Every structure is written in C-alpha cells, then in structure tokens.
Amino acid sequence: MSLVVGDSLGLTRLGDGFSLRNSRRNGGKSKLFSVSRKRLARAALVQARPREDGASASPSPSSRATTSPPVVQYRRADLADDLQAEARALGRAVDASIYSPELIARKHGSQPFKALRRSVEILSSLGGFALKLGIDQRQGKLEQNMKKRASELRRIFTRLGPTFVKLGQGLSTRPDLCPPDYLEELAELQDALPTFPDAEAFACIERELDLSLESIFSTVSAEPIAAASLGQVYKAQLRYSGQVVAVKVQRPGIEEAIGLDFYLIRGVGKLLNKYADFITTDVLALIDEFACRVYQELNYVQEAQNARRFKKLYADKADVLVPDIFWDYTSRKVLTMEWVEGTKLNEQVAIESQGLKVLDLVNTGIQCSLRQLLEYGFFHADPHPGNLLATPDGKLAFLDFGMMSETPEEARFAIIGHVVHLVNRDYEAMARDYYALKFLSPDVDVTPIIPALRDFFDDALNYTVSELNFKTLVDGLGAVFYQYPFNVPAYYALILRSLTVLEGLALYADPNFKVLAASYPYFAKRLLTDPNPYLRDALIELLFKDGKFRWNRLENLLQQGSKDRDFSAKDALQPVLKLLLDSNGEELRLLVIKEAVRVSEAMALGTVVDTYNSMPEFLRSLVFNGNGNGPLTMSATELESTLELRDQVSRIWSLLQSSESFDPAILQPIVQVLQQPEARRLGGRVAGGVGQRLAARFLQQLLRATTPSSSPPNP
C-alpha cells in the first residue's frame with residue numbers, strides 16, 4: 001500500500017512508501033527523503049484540535065491509503081503531557097538572549113571596526129536623508145515635501161535591514177514622535193526581505209531540535225512560502241502523524257546584527273536626549289522598550305506561549321481561529337504550528353469568490369480587538385493583512401504572535417472613562433484623563449491642551465458615530481499629541497494602529513465603513529452590563545447631567561448594545577439595581593427618585609390622555625364640563641414632553657424585552673433585590689412623590705372645572 005501526500009510536492013511512488021525529491025539550495029544538489037509505510041513511534045505529545053465526533057486520534061489504514069493529503073484528526077493531548085512538552089521546549093530556549101543595554105555595549109564596544117563599518121553604512125543612508133530635510137527647511141518646503149521624504153525614509157529602512165524595518169514599523173505607531181504623513185507611509189513598511197539559503201534553515205532545525213530533518217518531516221516545501229525580517233516559513237508534513245504544519249526558522253546571525261544596530265541606535269538616542277530640546281519624549285527609554293520587544297520576538301518559545309495564551313483568551317468564539325503549537329518541534333529559533341489554509345484579508349476578490357464577506361471578517365476582527373483591549377488587556381500588536389487570514393469556512397485566523405502587548409487593568413477602565421468624557425464633550429476631564437493614562441507627567445499643565453482638544457473634537461463630533469472615520473480621529477488626535485509634551489504608552493499606540501489597520505481593510509470592500517460604528521455595540525454592552533465600579537460610575541456620568549436623567553442616551557445604549565450577540569437584558573438590569581441600593585448610593589438614589597416620580601407621572605398622565613382621546617365628543621364635554629381645556633392643566637409643550645417621556649420609556653422596555661435572554665425568570669433576582677429594606681423605602685418614596693404630583697394636578701383640574709367663567713364688566 002502506498003501513500004501520496006500531494007502532487008505539488010513532487011512525489012514518486014515507491015511500492016511500500018513514497019519519496020520526496022526536495023531541492024535544497026546547496027550547490028544545486030538534491031536530497032531524497034524516503035518514507036516507509038510503517039509509522040514511526042510518536043515523537044511528541046502535542047496540542048491538537050479534537051475531532052468533532054470524538055473519534056479516535058489515530059488515522060485508520062484506509063484513511064492513510066489515499067491519493068490526496070490526509071485530513072488527520074487528533075485528541076487533545078493530556079494536560080500533563082502537554083506541559084511536559086512545553087517544559088522541554090523551554091529547556092531548549094534556556095539560553096535565549098534577553099535585551100540588556102549593558103551586555104550589548106560590552107560586546108559591541110569591544111569590536112570598534114565592525115561598529116564603525118556598520119555606522120558608515122547607516123550614516124551614509126540616513127545622513128543623505130537628513131541633508132535633504134535640511135535643504136527643505138532652508139527653502140521653506142518642509143511641509144510641501146513631507147510626503148515625498150516619508151516615502152524615501154520607508155525605502156531607506158527597508159534597505160538597512162531587519163532592525164530598521166522593525167524600527168520603522170514601531171515609529172508608525174508613535175503619533176507623539178512622527179507627523180501624520182510619516183505615520184501613514186511607515187505603516188506600509190513590510191518585512192519583505194530576501195530569503196536565506198534552505199540548507200542553512202534545515203541545518204538550524206536539526207541543530208535546534210537535535211533531530212534529523214527526515215525523522216521529523218515526511219515532506220518540506222521546496223522553498224520558503226513566506227519571508228519576513230526575522231525569519232522565513234516552510235510548509236511541511238509531520239512524519240509521525242501526517243499533520244500539515246508551518247515551520248518558522250530564524251535568520252542566521254540575526255541576533256548579532258540586531259544587537260549591533262541597537263548599540264549604535266542607543267548612542268544616537270543619548271545624543272538626542274541631551275541636545276534635541278524639541279523632542280519631549282525620552283528617546284533612550286523608547287529605544288530600550290522597543291529593543292526589548294524585538295528581542296522577545298527572537299525567542300520563538302515565547303511566541304509559542306503568546307499564541308497559546310491568545311488562543312485560551314479569544315478563540316472561544318466560533319469565528320476566531322488560532323493555530324495549535326507543536327511544542328516538541330519548537331525551540332528559540334524554530335517554531336512549528338498548525339498549518340492554516342486561508343486568504344489574506346486584503347484579497348477581497350479571492351475571499352468573496354469563496355462566498356465570504358470581507359466586512360463580516362473585519363467585524364470579527366474588531367470585536368476580538370475590543371475584547372483584547374478592554375477585557376483581558378493582552379493583545380496582538382501587529383495585525384497587518386499578512387497576519388490575518390480568512391479561512392474557507394469563514395473564520396478569522398490570527399497568525400504571528402511575536403509582537404504582543406498588554407494594556408494595564410487601570411488603563412482599560414481609564415480608556416472607557418475617556419470615551420465617556422469625549423461623548424459628553426468634557427474636554428477638561430479629557431485632559432485630566434491623560435494623567436491617569438500616563439500620557440503626561442503630573443507636572444505638566446493641561447490648561448493649554450484643552451483648547452486644542454476642543455477645536456478638534458467640536459468639529460469631529462459634528463458627525464454621528466456612524467459617520468466618524470476612525471483614522472481621521474486618530475490622525476487629528478495624533479496631531480495634538482505631536483504639538484504638546486505627550487508620551488504615548490506603547491500599548492495605546494499599538495491598539496490604535498490595530499483598529500486603524502482593520503478599518504483600512506474594510507474600506508477596500510466598503511468605502512463608507514466606519515470602525516467606530518462597528519465597535520459601538522460592544523462598547524455600549526460593556527457600559528450597560530459590566531459590574532466594575534469604574535464602569536458603573538462612567539455609565540452614571542453618561543446618563544445623568546445637571547440632575548436630569550437622559551433617557552435618549554439610555555435608549556441609544558440599549559439599541560446599540562442589543563446588536564452585540566453577547567448582550568443580556570438580565571446583565572443590563574442587575575448591576576444598576578445593585579448600585580442603586582448600595583449603602584453609598586444616597587446621592588444617586590435622590591436623582592433616581594426624582595426621575596422615577598417623573599416617569600410614573602408620565603405613565604399615568606399618558607393613560608389619562610389616551611383615555612380622553614378615545615372618548616366620543618359628547619362624553620368628553622359631559623365629563624369635563626365642556627370647558628374645552630382637556631383632561632390636564634398642562635401647556636401643549638409640557639404635554640408633548642410628558643408623552644415623549646412615556647413613549648421613550650416604553651421603547652426602552654421593549655428593547656429589554658426583545659433581548660434573547662429576556663424571560664419571566666429575569667424578574668426573580670430583581671424582585672429579590674427590591675425586597676431589601678432599602679429598596680422598599682425607595683419604592684415608598686417614589687410612590688409618595690407620584691401621589692403628591694397627581695393629587696396636585698387633579699386638584700388644579702377640579703378647581704378649573706368648577707370655577708365659573710368671569711362675566712364681562714358692566715358698561
């Protein structure tokens with residue numbers, strides 16, 4: 001019996017098995033891999049996707065005797081075995097380098113000629129660029145030529161190699177350091193570098209895993225299927241299982257090259273900190289932070305752990321896919337992951353030819369990004385199109401977990417509070433938020449920043465949420481950051497970039513798409529349902545203004561929040577009730593009592609008006625003594641306002657009822673809360689207020705109905 005894995009790999013049938021002629025770039029010679037029909041002993045226990053039907057993990061003989069790539073299903077490895085496999089991978093990465101400015105300085109400072117040679121290469125490229133900038137400034141053409149110079153800088157970074165490719169990508173997320181034209185151009189920087197020889201890649205795999213290539217893989221692609229700044233990727237098939245995998249191999253000598261570059265860049269950073277007064281950011285700290293991230297990317301075991309954590313947090317949704325890790329074939333320079341078939345998210349025609357919609361996939365990406373930002377704080381910091389794939393079954397696959405970042409817990413809630421202040425146009429509070437977000441040091445006076453925020457946002461907020469372009473908002477805010485002494489934390493810059501990239505992908509499919517409109521349902525749901533005290537305060541701040549409840553805001557939040565598939569009416573009601581009945585909630589209770597009286601009165605008076613309007617004309621005259629004043633002593637404006645309040649509250653109740661989670665059982669916990677002594681006292685105060693107002697109106701109506709009309713004076 002024979003096994004054929006795929007014609008595209010150049011297989012030759014060999015009776016009991018098959019061979020793969022895989023041409024390596026090693027002087028034109030070819031290497032022949034022979035594979036016996038007999039499966040070798042399983043080399044490792046790995047994470048793998050379980051079968052939907054719970055069937056056995058091992059492929060049957062009939063499934064192995066096919067003429068197309070076998071679709072092999074697996075049981076999920078036992079947790080203890082998986083942890084052991086991960087521990088072995090960690091052991092292989094025990095000597096992974098950690099960024100240390102002192103060690104780098106000691107190592108490369110002792111190699112002056114090598115450092116000098118690289119310095120000349122860098123300075124000859126960047127010096128010419130700086131000279132052009134100087135000429136532009138002297139001729140007054142700095143603004144006019146900015147777009148052109150930004151494009152030149154992108155090409156220079158690409159030519160200087162991996163460190164500068166990464167540096168350019170990092171700068172593209174820093175609105176406090178770069179003008180908008182540079183941000184836009186550097187955001188297009190791709191890690192598209194020449195591949196390195198296959199022989200070196202395969203030798204690295206064998207050296208890192210301490211196994212021969214033939215014992216690991218039955219097939220390997222004849223050439224890399226992707227190349228990036230730090231490594232290149234091969235498509236392969238595991239010998240023990242037939243599983244198709246992606247194998248990422250690190251570039252040889254990359255750590256040495258990056259270490260030398262950061263040694264030189266730090267030297268420039270020291271000079272900028274000392275002499276460039278116009279730069280308010282601590283450049284040296286920024287370089288160290290960025291270098292630390294790049295060094296983390298050089299450790300592929302760390303990337304594997306990032307992928308596993310990301311999968312645990314976010315792949316619980318049916319439409320998000322994160323590939324599994326094969327720990328026993330992973331080390332600090334080799335990463336083996338489940339192969340994902342898919343189409344890049346910017347290839348609209350190819351995606352739609354499969355019956356999929358780009359906008360649906362982008363919406364999935366936005367919802368996942370918001371969860372990353374506002375729930376757990378662990379997020380993918382490099383979501384460019386090459387790292388986002390549309391799978392044939394409509395899932396959004398995330399790839400490449402080398403660059404990750406975290407949002408501090410306090411910052412997650414501060415961001416939401418910042419948005420609330422933005423909605424309320426409270427620019428003074430917005431400016432103060434930048435202290436909590438660590439954008440400004442406590443000694444910076446925010447007074448001059450407030451007019452800049454007002455000028456920009458008053459114009460931007462003239463658009464509705466559905467009309468506001470996220471990129472325009474980010475660019476405008478970036479211009480404010482660039483003009484004032486802001487130090488934008490890396491997590492904030494990276495998440496803005498993530499959402500901007502997703503909006504850019506969506507605009508290919510729909511020029512009118514707006515990421516803010518797509519994200520608003522999630523944001524509304526979080527405000528309505530999250531019991532966190534900070535978010536409860538933010539909700540109160542949003543709904544109450546000048547002692548009045550803004551029912552239109554609540555209605556809008558419910559309308560938007562109900563669009564989120566995880567919205568629950570029960571979750572939206574319970575936290576508010578608990579907050580209302582809290583021992584520290586007296587001030588809020590007074591506002592709620594006042595509003596509850598107003599609503600109850602509106603309901604009662606609305607019923608009276610509806611009853612009056614349904615009466616025949618003769619009965620109206622009989623009941624109200626023919627005075628023509630109607631049933632209420634209210635002006636037309638007041639009556640219209642009262643009826644609008646009644647209708648608005650009715651619509652809100654309908655929105656709650658329309659929630660899929662709404663059923664009679666939802667009232668049970670609410671009734672339990674209302675049975676508490678404080679709730680009963682609250683209810684009594686509401687009922688008393690309503691009774692007093694209705695009694696006063698009834699008395700006014702009675703007096704008007706019984707008072708005879710004034711007679712005209714005698715002549």
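The model is predicted. The protein chain has 715 residues, and 49% of them count as buried. Its secondary structure comprises 28 helices and 16 strands. The chain exposes about 35,300 Å². Carbon and sulfur atoms supply 56% of that area.

Salt bridges were examined next. Side chains of opposite charge can pair when their charged atoms come close. The count in this model comes to 24 salt bridges. One of them pairs Lys114 with Glu256, with 2.9 Å between the closest N and O atoms. This pair links distant parts of the chain, as Lys114 lies in helix H4 (residues 112-138) and Glu256 in helix H10 (residues 254-275). The two residues are 142 residues apart. Lys114 has 31% relative accessibility, so Lys114 counts as partly exposed. Glu256 also counts as partly exposed, because its relative accessibility is 25%.

Helix H10 takes part in another such link through Glu255. The side chain of Glu255 meets that of Arg332 in a salt bridge, at 4.0 Å from N to O. Arg332 sits in the loop between strand S8 (320-321) and strand S9 (334-338), 77 residues from Glu255. Arg332 has a relative accessible area of 14% and is therefore buried, the cut-off being under 20%. Glu255 counts as partly exposed because its relative accessibility is 25%.

A further salt bridge lies within a single helix. Arg293 and Glu289 both belong to helix H11 (residues 283-297). They are 4 residues apart, about one turn of the helix. Their closest N and O atoms are 3.7 Å apart. At 18% relative accessibility, Arg293 counts as buried. Glu289, at 33%, counts as partly exposed. Elsewhere, salt bridges that share partners join Lys132, Asp136, Arg149 and Glu152 into one network.

Charge also gathers on the surface. Asp426, Glu428, Asp537 and Glu541 form a patch of negative charge there. Patch members have over 30% relative accessible area and no salt bridge. One of the four, Asp537, is found in helix H21 (residues 533-543). Asp537 has 48% relative accessibility, so Asp537 counts as partly exposed.

Terms used. Residues are numbered from 1 along each chain as its sequence is written. This is a predicted model: local features need pLDDT of at least 70, side-chain atom pairs count only at pLDDT 80 or more; totals for chains, interfaces and linings use all residues. Side-chain values use heavy atoms; hydrogens and water are left out. Patches are made of residues with over 30% relative accessible area and no salt bridge: like charges are joined within 9 Å, nonpolar side chains (Val, Leu, Ile, Met, Phe, Trp, Tyr) within 5 Å. Accessible areas come from the Shrake-Rupley method with a 1.4 Å probe; for residues, only the protein chains shown count as cover. Lys and Arg count as positive and Asp and Glu as negative; His and the chain ends are not counted. The place of a charge is taken as NZ of Lys, CZ of Arg, CG of Asp or CD of Glu. Buried means under 20% relative accessible area, exposed over 50%, partly exposed in between (1.4 Å probe, protein chains only).
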